[in-house]
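Colleague: Please put the model on the screen. I would like to go through it in questions and answers.

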Amino acid sequence: GVEKKILVIPGDGIGQEVTAWGQKVLMAIAKNYHHTFTFEEGIMGHVAIEATGDPLPEETLQKARNSDAILFGAIGHAKYDNDPTLKVRPEQGLLKIRKELGLYANLRPIKLFDELLEASSIKPEILRGSDILFFRELTGDVYFGEKIRTADRNTASDLMIYHRYEVERIARKAYDAARTRRKKLCSVDKANVLEASRLWREVVQEVAKEYPDVETEHMFIDNAAMQLIKDPKRFDVVVTGNLFGDILTDEASQIAGSMGMLASASIGDSTGFFEPIHGSAHDIAGKGIANPLASILSVALMLDISFGLKTESQRVIKAVEATLRQGFRTMDIANKHTENHCIMGTDAMGAKVLENLN
Ligand code: NAD
Ligand code: IPM
Ligand code: MN
């Protein structure tokens, strides 16, 4: 077996509820396949601000640097969402750890389990067979450009900025992945208006020449948002900037049935970082009803991408599939049309997946 050090950062709200199950799945895999996974815990977000005044304490960052992979939940608290004047904010922790660890590529696979065909608000015949892999650039764009607020507080701006090397490296990652899939890549930008997008498109066009076997398409973000819902099957790999990727993937969660189903892997220069795409979900936090599958599927990505444990990764995905086939559902993926579903909370659902792992 292999030996790995995993840092678990549950964060805030439902992050804590779902990450517990991601970790339990890791423990079960270690036991079944004779691996040694050792766990450390780190604080980030609102809980870290409360404890230390800092959304990403130095200690958490150090632990992150010293780990082989990181399992993250979510950060965020209604207090900050309701008061835009607060200077220290949970989200700063997440942005900082992404930047510090050089996690420039955020992979967000949108794969619909057949069992969930009826869970989405989109028609099953439109959805069936959808399988998209998003490459969201994660350490550039308007997220990290200069922010200005004038002294009179009446004007504000965020600089949308990309450098050639940033576009090149994410484009190469996306093309490499397209080669192993259906060999189609769609680059999404707003090059008809934005200079940063014109650089983006120019660089992607250049990188495309290195991949003549992959079919390249360029699409404007507004059209992409529409095409995604109209005909999701037309997409294979999608590569886009930080902000557009953030928005498009929440939209795309409806192709997989729910936000509670979407996992992600952030990779780059060093340690891989694995997290659901969803947030701390104030509306359901503390109720024990959050879907733990996004966290569990993030663990499947960790096993595959960071540890190269493909069999173990597939085992986790199969256990999720089996659980869904048995009719077990959290509220967000419950299908209104069938009565033979058993709707349950986070812990009961997580326990079913564990049973299916053994
Ligand atoms: P959200 O993703 O937290 O929730 C959006 C909707 O999806 C809510 O209705 C929620 O109940 C539902 N949902 C999300 N995850 C679910 C799950 N596992 N099971 C069932 N339903 C689920 O987005 P929001 O409400 O816009 O943001 C809430 C807070 O989370 C904000 O403070 C925001 O900044 C933060 N946030 C953090 C992350 C992150 O940590 N990566 C991501 C997005 C938002
Ligand atoms: C995500 C979140 C974050 C983002 C926020 C919380 C900073 O929405 O991980 O998708 O915008 O990247
Ligand atoms: Mn988001």
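Colleague: How do the residues of the shell around ligand 2 divide into nonpolar, polar and charged?
Modeller: The model is predicted, so local features need pLDDT of at least 70 and side-chain atom pairs count only at pLDDT 80 or more, while totals for chains, interfaces and linings use all residues. Residues are numbered from 1 along each chain as its sequence is written, and chains are lettered from A and ligands numbered from 1 in the order in which they are written. Ala, Val, Leu, Ile, Met, Phe, Trp, Tyr, Cys and Pro count as nonpolar, Asp, Glu, Lys and Arg as charged, and the others, Gly among them, as polar. On that scheme the shell around ligand 2 has three nonpolar, one polar and two charged residues.

Colleague: Which residues surround ligand 2?
Modeller: A residue is near a molecule if its C-beta atom, placed from the backbone, lies within 6 Å of it. For ligand 2 the residues are Glu91, Leu94, Leu95, Asp246, Ile277 and Gly279.

Colleague: Which helix gives the most to the shell around ligand 2?
Modeller: Helices are DSSP runs of H or I with at least four residues, strands are runs of E with at least two, and both are numbered from the N terminus. Three residues of the ligand 2 shell come from one helix, residues 90-100, which is H5.

Colleague: Which residues come nearest to ligand 1?
Modeller: The shell around ligand 1 has ten nonpolar, seven polar and five charged residues. Helix H1 (14-33) and H5 each supply at least two residues to the shell. Of the 22 residues around ligand 1, the nearest are Gly76, Gly260, His278, Gly279 and Asn291.

Colleague: Which residues does UniProt list for "binding site"?
Modeller: The record is an unreviewed entry. Its positions are in the numbering used here, feature names are shortened, and annotations may be inferred rather than shown by experiment. The residues listed by UniProt are Asp222, Asp246 and Asp250.

Colleague: Why does Asp246 count as partly exposed?
Modeller: Asp246 is in helix H10, residues 242-256. A residue is buried if 20 or more other C-beta atoms, placed from the backbone, lie within 10 Å of its own, exposed if 12 or fewer, and partly exposed in between. Asp246 is partly exposed because its C-beta neighbours inside 10 Å number 17.

Colleague: Which residues does Asp250 touch, not counting residues up to four places away in sequence?
Modeller: Asp250 is also placed in helix H10, and it is partly exposed with 15 C-beta neighbours inside 10 Å. Two residues are in contact if their C-beta atoms, placed from the backbone, lie within 7 Å. With residues up to four places away in sequence left out, Asp250 touches Met259 and Ile277.

Colleague: Why are the buried residues of H5 on the same side?
Modeller: The buried residues of H5 are Pro90, Gly93, Leu94, Ile97 and Arg98. They lie on the same side of H5 because the arc that they cover around the axis, taken from the directions from the helix axis to the C-beta atoms, is only 125°.

Colleague: What covers the buried residues of H5?
Modeller: The cover includes one strand, S11 (263-267). It also includes helix H2 (46-52), helix H3 (58-65) and helix H4 (78-81).

Colleague: Is Val47 buried or exposed?
Modeller: Val47 sits in helix H2. Apart from residues up to four places away in sequence, it touches Gly11 and Asp12. With 21 other C-beta atoms within 10 Å, Val47 is buried.

Colleague: What is the phi of Ala281?
Modeller: Ala281 lies in the loop between strand S12 (272-276) and helix H11 (293-305). It is buried, with 23 C-beta neighbours inside 10 Å. Although Ala281 is not a glycine, its phi is positive, at about 45°.

Colleague: Is His34 buried or exposed?
Modeller: His34 is in the loop between H1 and strand S2 (36-41). It is not a glycine, yet it has a positive phi of about 60°. With 8 C-beta neighbours inside 10 Å, His34 counts as exposed.
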